[in-house]
Amino acid sequence: MKKRATTRKPLFEVRHSRIHGYGVFAMRRIRKGTMVIEYLGDRVTHALANERYEDKDPKDGHTFLFTVDAKTVIDAGVNGNEARFVNHGCHPNCQTVNTGRRIFIEALRTIQPGEELAYDYQIQRDDDDPADVDVVFACRCGAKNCRGSMLEARKPRQRRRRAPKRQVGRQVGRKVGRKVGRKAGRKRPR
């Protein structure tokens, strides 16, 4: 008895997306926890990534750069694969996982055929961002809980604690410091 060769449908395909440009769509059911694809591209330093895109229009929020760690960025615009087309979503069905300095896109829940894959880019905000940065990185995911931006959610302003009533001549105060820098494992603007 001969066995008939079975060919499985590919896991996903790239096609036009209602969110933005191209997107990645499930061709068959993808179970929760499945590592769907690795984010590939040229592995470069942050300095080289900045140099490559220094002439890029600051109003263009399109990016294929993914921060791996403090030293490395993946530029999927050079030698990248289909993972670069996974769009941002505020209510995502995928997440990125950094395993041994390799970035994988993993299903957060079971994804049905025809559904577009998305993960939250959480592009880090910087103190020197232009005033219109949320417009440049506007989100078009259409989720009910859409925050309107591909940037990480704004941190709520913390109310200053009132100093206890003090006696005359007594000084009360404290220094507040904040660590600044890009977080590893986040897609970053180019």
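A salt bridge here is a side-chain nitrogen of Lys or Arg within 4 Å of a carboxyl oxygen of Asp or Glu. By that rule, this structure holds 8 salt bridges. Please keep in mind that the model is predicted.

**Salt bridges**

- Let us start with D69 and R101, whose closest N and O atoms are 2.7 Å apart in a salt bridge. This pair links distant parts of the chain, 32 residues apart: D69 sits in the loop between β5 (65-67) and β6 (73-75), while R101 sits in the loop between β8 (94-99) and β9 (102-107).
- The two partners fall into separate classes of accessibility: D69 counts as buried because its relative accessibility is 19%, and R101 counts as partly exposed because its value is 41%.
- Another salt bridge joins E115 to R109, with 2.3 Å between the closest N and O atoms. E115 is partly exposed, at a relative accessible area of 22%, and R109 is partly exposed too, at 33%.
- D134 and R125 also meet through their side chains, in a salt bridge of 2.9 Å from N to O. Both D134 and R125 are buried.
- Salt bridges can also share partners, and in this way D42, R52 and D75 are joined into one network.

**Aromatic pairs**

- Across the whole structure, a search finds 5 aromatic pairs. One of them is F64 with F85: the ring centres are 6.0 Å apart and the planes lie at 85°, so this pair is edge-to-face.
- F64 belongs to the loop between α1 (46-52) and β5, and F85 to the loop between β6 and β7 (87-88), so their pairing ties together parts that are 21 residues apart in sequence. F64 and F85 are both buried.
- Y119 and Y121 make a tilted aromatic pair, with 5.1 Å from centre to centre and 50° between the planes. Y119 is buried, and Y121 is buried as well.

**Charges over rings**

- R15 lies over the face of F25, and its distance from the ring centre is 4.0 Å.

Terms used: Residues numbered from 1 in each chain as written. Predicted model: local features only at pLDDT ≥ 70, side-chain atom pairs only at ≥ 80, totals over all residues. Heavy atoms only, no water. Helix = DSSP H or I, 4+ residues; strand = E, 2+ residues; numbered from the N terminus. Buried < 20%, exposed > 50% of the residue type's maximum accessible area, 1.4 Å probe, protein only. Phe/Tyr/Trp six-rings, centres within 6.5 Å; stacked < 30°, edge-to-face > 60°. Lys NZ or Arg CZ within 6 Å of the ring centre and 35° of its normal.
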